[in-house]
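Dear colleague,

Please find below the structure that I am handing over to you, followed by an account of what was found in it.

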Amino acid sequence: MSRRPEEPKDNPWLPRAAVVVEAEPVVEAPTYVSLGPQSPQRGLVQPGAGGLGTWTPPGSARPPWWWVSCHGGAGESTLALAIPQGAESGGRGWPISSTSERHGVVLVARTHAGGLHAAQNAGRQWAAGALEGVDLLGLVAVADAPGPLPKSLQQWLKLVAGGVPRVWRISWNEAWRLGEWPDARNSAKDVRKLASELAGLTNNR
């Protein structure tokens, strides 16, 4: 009677075979994308929840634009330091004047799922035409991790970009992560490009 040969036991002194896990494909995106509408689209419905509140700026406050965070930790204050061109922080709310004064706004969000969801809701608020006196210049999508954006998030970002005038991609900045004061010396090319394009847009307002 033949016996089934015993399977070799694992040798603890030899490395185990590596388990190969296929990573999700990644897609590089251009720094600047212009896909969406340049003005609100009347008739669209605002998101039921998750949008931004509003606040009234002081009568004398009219910076070139307001940085407005779509969610906590978006990077709004960091960008305000890296691009000191007179823009001011608007926190997490739309600046709505009590008069006919108009205010330029640049939304800021991280590129993780929560950030893109918040950016999508904020973009829908603006596109629905309910924010009188707000001139949305675009959205700054700040990298939430080093490396290229996974394909699923890249597709989501493209969807968000279709609802706002412009999207700027800002890559991961290790110097900022380590606590270095954001300024022109440690700002990457994409931040300098953002500063230049915002200056051009606001000079024409």
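At 61% relative accessibility, G73 counts as exposed (exposed means over 50% relative accessible area, buried under 20%, and partly exposed in between, with a 1.4 Å probe and protein chains only). G73 is placed in the loop between β4 (66–69) and α1 (76–82); helices (H or I, at least four residues) and strands (E, at least two) are DSSP runs, numbered from the N terminus. The C-alpha atoms of G73 and V108 are separated by 9.6 Å, although the two residues are 35 apart along the chain.

**Basis of the values**

The model is a predicted one, in which local features need pLDDT of at least 70 and side-chain atom pairs count only at pLDDT 80 or more, whereas totals for chains, interfaces and linings use all residues. Residues are numbered from 1 along each chain as its sequence is written, and side-chain values use heavy atoms, with hydrogens and water left out.

**The chain as a whole**

Five helices and ten strands form the secondary structure of the chain. Of its 205 residues, 41% are buried. The chain exposes about 12000 Å², of which carbon and sulfur atoms supply 54%; accessible areas come from the Shrake-Rupley method with a 1.4 Å probe, and for residues only the protein chains shown count as cover. Among contacts (heavy atoms within 4.5 Å) between residues at least 6 apart in sequence, 79% join residues at least 24 apart.

**Packing of α2 and α3**

Helix α2 (residues 113–127) and helix α3 (residues 151–161) pack at an angle of about 15 degrees, and their axes are 10 Å apart. Axes are lines fitted to C-alpha atoms, for helices over the stretch in contact, and angles run from 0 to 180 degrees between N-to-C directions. The two helices are therefore roughly parallel to each other (angles under 35 degrees count as roughly parallel, over 145 as roughly antiparallel, 65 to 115 as roughly perpendicular and the rest as oblique). On the α2 side, the contact is made by A113, L116, H117, A119 and Q120, and on the α3 side by L153, W156, L157, L159 and V160. By class, this contact has eight nonpolar, two polar and no charged residues; Ala, Val, Leu, Ile, Met, Phe, Trp, Tyr, Cys and Pro count as nonpolar, Asp, Glu, Lys and Arg as charged, and the others, Gly among them, as polar.

Q154 also lies in helix α3 and is buried, with a relative accessible area of 15%. Between Q154 and T111, 43 residues apart in sequence, the C-alpha to C-alpha distance is 8.6 Å.

**Two partly exposed residues**

G51 is found in the loop between β2 (32–33) and β3 (53–55), and counts as partly exposed at 37% relative accessibility. Leaving aside neighbours within four places in sequence, G51 is in contact with N121 and Q125. From G51 to W126, 75 residues away in sequence, the C-alpha to C-alpha distance is 9.8 Å.

R192 has its place in helix α5 (residues 189–203) and, at 48% relative accessibility, is likewise partly exposed.

With kind regards
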